[in-house]
Amino acid sequence: MMMINFILQALDGIFTIVFVVGIGYVLSKKGWFDDKSSALIAKLVTTVSLPLYMITSLTKNFTAEKLVELAPDMLLPVCSMLLALVVGKTAAKLLDVRQGRRGVFVTNFFIANTMFIGLPVNLALFGDESIPSVMLYYMVNLTFFWTLGVQNIVADIEGKAGGIFSMQVLKKLWSPPLMGFVAAILLIVLNIPLPRFLVRGFQYVGNLTTPLSLVFIGIEISKINLRDFNFERDIWGGLFGRFIVCPLCVLCLVPLINVAPISVKVFAMQAAMPAMTQMAIVCKQYGGDSRYAAALSFITIIGGLLVIPVYMTVVNMYF
């Protein structure tokens, strides 16, 4: 009975996400949003709310001392994500994923929704003890998304896959979210406190990030003709990468990299979370296949209802 309560509590985050995505879907079907509206939401999230969200969330949960203390455990998520990235690139070639989708497909393999879903899942399972490890994985996940992940997406859209050192791609990588991330790290390392009015203002605006991203996914899904929607190989491959490859990369490296027991459990659960919702926002911002990104995000959210309880049971039994 206790395990069932844990599972229901952990899945609350997914139910909440489905509800907010549904709002975007229904309102779009009613004609509230057009292409200009969704482009405006993508721009608002990318250039305003997300950078401020990064500053407030990171400075709230980290200090310079905590960063140093947790640094050794960072090796496992770094190595596991890089391994999943390599597997994702290989899978994209084997499945011949078409240009415009390839970057999202690969990014989906190694980047997860580690905060909005991952945090409540780990709190339900392991309590407050898990928060430092959750935030550590979140920070690595965030860094890789706004560097390697965005590079994959942008380079694919530009038709220059793998061209991370091209000036055009580098200019787009140095985006407001990445600037917000760098600013947060500097504030933490230099121990610079923000004025209270700025902290509150940043929080108010930053808190728009998740709901607006989810509404955007609902809008993009509403534009897909569900009768014509097929579970093509790039959808099945994306599901396999998100729920099988990424968690297995963590579990395979556990015997090779020594980390705290609580971190092993948390990292395994974080790697099994649904796709990063901001993938669709990035695609829209740079002219990629945002509908594919939105569909993949939503399908992994629904898939999480089945997969997350399985990983919860495995992690509790064997780690």
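Which residue forms a salt bridge with D234, and how far apart are the closest N and O atoms? The residue is R101, with the closest N and O atoms 2.8 Å apart. A salt bridge here is a side-chain nitrogen of Lys or Arg within 4 Å of a carboxyl oxygen of Asp or Glu.

This is a predicted model, in which local features need pLDDT of at least 70, side-chain atom pairs count only at pLDDT 80 or more, and totals for chains, interfaces and linings use all residues. Residues are numbered from 1 along each chain as its sequence is written, and side-chain values use heavy atoms, with hydrogens and water left out.

**Overall build**

- The protein has 15 helices and 0 strands. These are DSSP runs numbered from the N terminus (helices: H or I, at least four residues; strands: E, at least two).
- Of the 319 residues, 52% are buried. Buried means under 20% relative accessible area, exposed over 50%, and partly exposed in between (1.4 Å probe, protein chains only).
- Among contacts with a separation of 6 or more, 85% join residues 24 or more positions apart. Contact means heavy atoms within 4.5 Å.
- Accessible areas come from the Shrake-Rupley method with a 1.4 Å probe; for residues, only the protein chains shown count as cover.

**Salt bridges**

- The whole structure holds 4 salt bridges.
- The R101–D234 pair links distant parts of the chain. R101 sits in the loop between α4 and α5, D234 in helix α12, 133 residues apart. Both residues are buried.
- R101 also meets D289 in a salt bridge, at 3.0 Å from N to O. D289 lies in the loop between α14 and α15 (290-318), 188 residues from R101.
- R101 counts as buried because its relative accessibility is 11%. D289, at 23%, counts as partly exposed.
- R101, E232, D234 and D289 are linked in a network of salt bridges.
- D156 pairs with R102, the closest N and O atoms being 3.3 Å apart. D156 is in helix α7 and R102 in helix α5, so the bridge ties together parts 54 residues apart in sequence.
- D156 is buried at 2% relative accessibility. R102 is partly exposed at 29%.

**Helix α4**

- Helix α4 covers residues 75-94, and its 20 residues should span 28 Å at 1.5 Å a residue. The expected span is 1.5 Å times one less than the number of residues. The end C-alpha atoms of α4 are 29 Å apart, which agrees.
- L76, P77, S80, M81, A84, L85, G88, A91 and A92 of α4 are buried. They cover an arc of only 160° around the axis, so they lie on the same side of α4. The arc is that of the directions from the helix axis to the C-beta atoms.
- These buried residues pack against α5 (102-110), α7 (131-157), α12 (233-253) and α13 (261-271).
- V86, K93 and L94 are exposed on the face turned away from the buried side.
- D96 follows α4 and has a positive phi, near 55°.

**Helix α14**

- In α14 (residues 278-286), the buried residues include Q278, M279, A280, I281, V282 and C283.

**Nonpolar surface patch**

- V182, L186, V189, L190 and I192 form a nonpolar patch on the surface, with about 430 Å² of accessible area together.
- I192 is in the loop between α9 (176-189) and α10 (196-206). At 43% relative accessibility, I192 counts as partly exposed.
- Patches are made of residues with over 30% relative accessible area and no salt bridge: like charges are joined within 9 Å, nonpolar side chains (Val, Leu, Ile, Met, Phe, Trp, Tyr) within 5 Å.
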